[in-house]
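Open the model in your viewer and keep the selection tool at hand. The tour goes stop by stop, with something to select at each.

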Amino acid sequence: DGSRDNSAEPHAHRSSSAASAISAASADSASATPSPRAASDTSDVENAGGASADASAGDAAASAAAAAADAVADAAAGAAGAAGAAEDADADADASDPRPLPGRLTPCGFSLGGSLGGAASGEAWGSDGDGTQFALRTGPDYKKHKKKAPSAAHIYSLLSADVLKGERITPGVGARVRLPRSADADVENDTGLPRTLVVSCAIPQKAPSLMGGSSGDAGGECYQLVLYFRASVESLRAWRDSGSAGYALFRRWVEEAPGGDLPLKERLKLIVKMDNLRDLGKLGASVEQYNGKPVLLTKSGSLTPSAAPLCGPDGYLEVGINTFRFAYLTKKGMHMYLPSLHKLHMHVALTIEGRDNAELPEQALLACRLNGLDFAKMASPLPPP
């Protein structure tokens with residue numbers, strides 16, 4: 001019940017259980033019938049690893065993306081400087097809304113605090129990443145040249161994280177927390193984009209059965225990693241005003257994918273790079289060729305907009321990743337790696353797949369680093385609402 005977009009990657013079906021193991025949490029890569037969209041090269045699993053070597057430094061699209069990145073980075077820096085010290089957690093409390101803040105939903109959660117909202121809390125096992133470390137599609141004529149280049153700077157920065165466990169997947173985690181006020185909460189957001197993105201990834205606790213079992217919708221016993229990301233209105237405006245193809249594509253995705261545009265929704269791509277994969281010895285070497293390669297989230301992806309206005313200070317878009325829907329060999333490999341996950345330094349990004357020249361170059365929407373993530377020791381049951 002996985003991706004329909006992998007007819008272009010026959011090697012993914014030939015991999016051993018260890019080699020299919022991850023693609024670093026790779027999604028739907030060994031499944032289902034070929035999609036009519038596959039002919040347009042809808043998945044990058046086959047060639048993302050060495051992609052930056054193929055990119056031309058003089059490519060006009062990449063240069064434009066770099067200029068746009070500078071504008072966004074300058075805006076983000078200005079917003080952070082203007083914000084000053086983080087708000088005190090008690091001052092951020094609201095007696096009429098007893099929900100916990102992000103990063104305080106579970107005991108091992110954390111919040112980085114700062115201008116994007118609230119005070120720092122918990123022992124952080126994650127930090128903001130670097131979108132420029134990911135090689136993404138660039139134009140013109142990607143389908144012909146297959147060139148990639150480092151992404152422009154990512155837009156959404158890591159704010160907080162929680163790690164859950166339960167008998168089944170908990171949907172709509174974003175509604176279980178009270179988002180902290182950001183420094184620009186009173187500024188009108190006229191960009192068409194949410195300030196906040198919530199990414200919730202459900203991972204089976206038990207080894208998968210070849211005979212199936214769970215339908216993949218609610219899953220079974222699972223861990224659930226919840227990451228909260230934020231962008232300032234100033235940085236979103238700078239991204240919009242730069243004329244970035246990434247902004248235009250993401251705005252269309254935000255406006256149309258939650259409402260039922262399935263082909264567009266299924267263009268979300270996950271990239272997970274294990275920076276120290278070789279520390280696992282032979283086990284790590286067996287999957288090194290798949291490390292850091294983009295994977296389309298098709299059947300495994302879901303979108304849940306907030307009940308509050310999407311672009312308002314309390315609005316958000318929640319991206320769900322249901323790995324119960326991944327292919328059998330991928331789930332088997334993921335389960336094999338879970339005990340060693342805490343040893344790995346992960347660098348994670350999301351992007352929307354660009355296809356036509358007007359949608360290129362691609363750009364990392366968010367990026368974060370995760371270190372020492374031990375689900376067995378850190379995950380906690382979700383408290384009652």
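Start with W125: at a relative accessible area of 8%, this residue is buried, because the cut-off for buried is under 20%. Keep in mind that you are looking at a predicted model.

**Stop 1**

W239 sits in helix α5 (residues 233-241) and F250 in helix α6 (residues 245-256), so the pair ties together parts 11 residues apart in sequence. Both W239 and F250 are buried.

F110 counts as buried because its relative accessibility is 0%.

**Stop 2: a charge over a ring**

Select F134 and K273. K273 lies over the face of F134, at 5.3 Å from the ring centre.

**Stop 3: strand β6**

Select residues 196-204. Nine of the nine residues of this strand, β6, are buried, so β6 is largely enclosed by the rest of the structure. Show the side chains. T196, V198, S200, A202 and P204 point one way, and L197, V199, C201 and I203 the other. In a regular strand, side chains alternate between the two faces of the sheet.

Next, bring in the partners. Strand β7 (residues 222-230) pairs with β6 in the antiparallel sense over nine bridges. Find C201: its bridge partner in β7 is L225. Strand β11 (residues 316-322) runs parallel to β6, joined by seven bridges. There, T196 has Y316 as its bridge partner.

**Stop 4: the open sheet**

Select five strands in the order β2-β13-β12-β8-β9. They make an open sheet with antiparallel pairing. Its edge strands are β2 (126-128) and β9 (295-296), each pairing on one side only. Inside the sheet, six bridges join β12 (residues 345-352) to β13 (residues 366-371). Pick L350: it stands opposite L366 in β13.

**Last stop: the whole chain**

Zoom out. The protein has 10 helices and 14 strands. Of its 385 residues, 56% count as buried. The protein exposes about 15,400 Å², and carbon and sulfur atoms supply 53% of that.

Notes
Residues are numbered from 1 along each chain as its sequence is written. This is a predicted model: local features need pLDDT of at least 70, side-chain atom pairs count only at pLDDT 80 or more; totals for chains, interfaces and linings use all residues. Side-chain values use heavy atoms; hydrogens and water are left out. Buried means under 20% relative accessible area, exposed over 50%, partly exposed in between (1.4 Å probe, protein chains only). Helices (H or I, at least four residues) and strands (E, at least two) are DSSP runs, numbered from the N terminus. Two strands pair if DSSP finds at least two bridges between them. Accessible areas come from the Shrake-Rupley method with a 1.4 Å probe; for residues, only the protein chains shown count as cover. A charge sits over a ring if NZ of Lys or CZ of Arg is within 6 Å of the ring centre and within 35 degrees of the ring normal.
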